[in-house]
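Hi everyone, thanks for having me.

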Amino acid sequence: MWGRFRKAGGRVAGALRTETKTETRADGGKRPPNLFEAAAVYVAACAEDDQERADEASGWVSPEALSFGVNELACRAVIALARERGESPRTVARELLGLPTA
């Protein structure tokens, strides 16, 4: 079960992850990663037990913004898994946390 969650999370994180810490804007300037990029890198790093990368991503945005991004990523991952499995998000979330079904 955790393998499927990591695989799905990896796909989500990979889709949101940037190649470099900054990206070039259309006007030629650089922009720092946004909160969703930071959250994707942070969660993927935690799942892969890469503390250095998690620490780096957590410095890209404020702790509050990172928390919001991680929460949004978790919600989207649970919804995606629920759709894939044909189950409710509540059932999937409880199963991922090892809780009995309500």
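So, what percentage of the 102 residues of the chain count as buried? It's 27%, where buried means under 20% relative accessible area, exposed means over 50%, and partly exposed is in between, with a 1.4 Å probe and protein chains only.

Quick word on where this comes from. This is a predicted model, so local features need pLDDT of at least 70 and side-chain atom pairs count only at pLDDT 80 or more, while totals for chains, interfaces and linings use all residues. Residues are numbered from 1 along each chain as its sequence is written, and side-chain values use heavy atoms, with hydrogens and water left out.

Okay, the overall layout. The chain has five helices and two strands; these are DSSP runs numbered from the N terminus, with helices being H or I of at least four residues and strands E of at least two. Reading from the N terminus, you get α-β-β-α-α-α-α.

Now contacts, meaning heavy atoms within 4.5 Å. Take the ones between residues at least 6 apart in sequence: 47% of them join residues at least 24 apart.

On to the charged pairs. Side chains of opposite charge can pair when their charged atoms come close. How many salt bridges does the structure hold? Four, counting a side-chain nitrogen of Lys or Arg within 4 Å of a carboxyl oxygen of Asp or Glu.

Look at Arg53 and Glu48 to begin with: their side chains meet at 2.5 Å, N to O. Glu48 counts as exposed, at 52% relative accessibility. There's also a network here, with salt bridges linking Glu48, Asp50 and Arg53.

Next, helix H4, residues 63–85. Glu72 and Arg76 both sit in it, four residues apart, about one turn of the helix. Their side chains form a salt bridge at 3.0 Å, N to O. Both count as partly exposed, Glu72 at 23% and Arg76 at 47%.

Last one: Glu95 pairs with Arg85, with the closest N and O atoms 2.9 Å apart. This pair links distant parts of the chain, since Glu95 is in helix H5 (residues 89–96) and Arg85 is in helix H4, ten residues apart. Is Arg85 buried or exposed? Buried, at 18%, whereas Glu95 is partly exposed at 29%.
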